Amino acid sequence: MTALPSARGAARAMQAGVDLLVAVLCLLVALGGGAATAVGVGFALVHAAGRTALGGVVRSDARPDRRRAALVWAALLTVLAVVAAVVSPAGIWLAFPVFLVQLHVLPAVPGVLAVAATTAVTVATGVWRAGPSAGAVLGPAIGAGVCVGVVLGVRAVIAEAEERRTLLQDLVEARDVLAERERADAVVAERERLAREIHDTLAQGLASIELVLRAADVALGAGDVARARELVATARTTSAENLAEARAFVRDLPSPSVRAGLTEALTRLAAQTAGRTGLAVDVRASGEARPLPQQVEQTLWRVAQQALANTAEHAAARRATVTLSYLGDAVALDVVDDGDGFDPSAPVRDGRAEDGAPGRGRGLAGMSARVAELGGTLHVESAPGRGTAVAAEVPL
């Protein structure tokens, strides 16, 4: 980050003011004639040469070579200012630009000490020339105090500005890192959402069609043409429904299956599952029914769809029960089957338990993610040979 143009302009204006002050004071000293003229001109030349060679006043934290050159420059100006005070009454005024140079070239404490020493020498010279007087003492002392206050104040402002600039730069960098991290998280979340939707729509539909067509092939092999045609018709219906689900997903619309209400959608899902797989599915409702938010209906229907698909594919169950419960400030969905069951604590890799048992992969993870997005919870209770219960609860 670079300094603002207004700040650079203010710095140039201040430096120009100091240069003008030096020129005027040198002219006042040079008008004294004789040695005063030589000292005044010499001071002006040394000041201008240092400004040109060093590119302005050198900060105390500059490179060592520039620091040495700046110290030599400040020492020469200090000597010339003392000589000017000795040879001319007006020479005392050259102490003021020397104060500024000393305070800028030296660190804070050495700079103040140098100003104090130069002030003492200047006051002593003035008293020696004209005798004790308030002007000879207070003039250089007040000038030194003003210079110290102004320069240290400017230093404090510059340090605060630098600290703020660094803080702002850190904030900008942190914002960029956070934005990149949020972008990466959003990409991962969107990929997970797409994978979940594809699994629950296209993958489920294609799996159902594959099972139905396999059963139709068996029926044809057995010579049961009527049953085969019935199964092919079921496959076509499933294909059409799956296509509608895919279109709704692409357009970010609610699933067509729940547009008529959740209870009717669950009843229809139970009938379709029974027709395709032979699994007997009962649908029950408890509590005082009421309209539910569309997203809640969509989520619970997906949970029921996935749970029944898992039961039909993996559990070897004869019966399943789907219960929709209205609990006042929440709604719950339970899917219970009498199948083989499994060990929910067994590790899962690539959708299969480590012992090779299928299921419990993306399906359960997808159900849990859907429910969690609505602030709900999903629990799975099962044991080998004792069936499976999937319980989802969503707050209203």
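Biologist: Which residues form a nonpolar patch on the surface?

Modeller: That would be Leu20, Val24, Leu27, Leu28 and Leu31, with about 500 Å² of accessible area together. Bear in mind that this is a predicted model.

Biologist: Where is Leu31 placed, and is Leu31 buried or exposed?

Modeller: Leu31 sits in the loop between helix H1 (5-30) and helix H2 (35-54). Its relative accessibility is 64%, so Leu31 counts as exposed.

Biologist: OK, switching to the inside. How many residues does the largest nonpolar core have?

Modeller: It has 33 residues, and Leu266, Leu300, Val303, Leu324, Val331 and Leu333 are those with the most contacts inside it. Helix H9 (294-315) and strand E3 (330-337) are among the elements that give two or more residues to this core. H9 gives the most, with eight residues.

Biologist: And what does Leu333 touch?

Modeller: Leaving out residues up to four places away in sequence, its contacts include Leu266, Leu300, Val303, Val322, Leu324 and Val390. There's also a second, separate core of 19 residues, with Val29, Leu54, Ala90 and Leu94 among them.

Biologist: What about H4, why is it largely enclosed?

Modeller: Ten of the eleven residues of H4 (residues 95-105) are buried, so the rest of the structure largely encloses it. Phe96, Phe99 and Gln102 are among the buried ones.

Definitions and conventions. Residues numbered from 1 in each chain as written. Predicted model: local features only at pLDDT ≥ 70, side-chain atom pairs only at ≥ 80, totals over all residues. Heavy atoms only, no water. Buried < 20%, exposed > 50% of the residue type's maximum accessible area, 1.4 Å probe, protein only. Helix = DSSP H or I, 4+ residues; strand = E, 2+ residues; numbered from the N terminus. Patch = residues over 30% accessible without salt bridge, like charges linked within 9 Å, V, L, I, M, F, W, Y side chains within 5 Å. Areas by Shrake-Rupley, 256 points an atom, 1.4 Å probe, with all protein chains shown as cover. Salt bridge = Lys/Arg side-chain N within 4 Å of Asp/Glu carboxyl O. Core = buried A, V, L, I, M, F, W, Y, C linked by side-chain atoms within 4.5 Å. Contact = heavy atoms within 4.5 Å.
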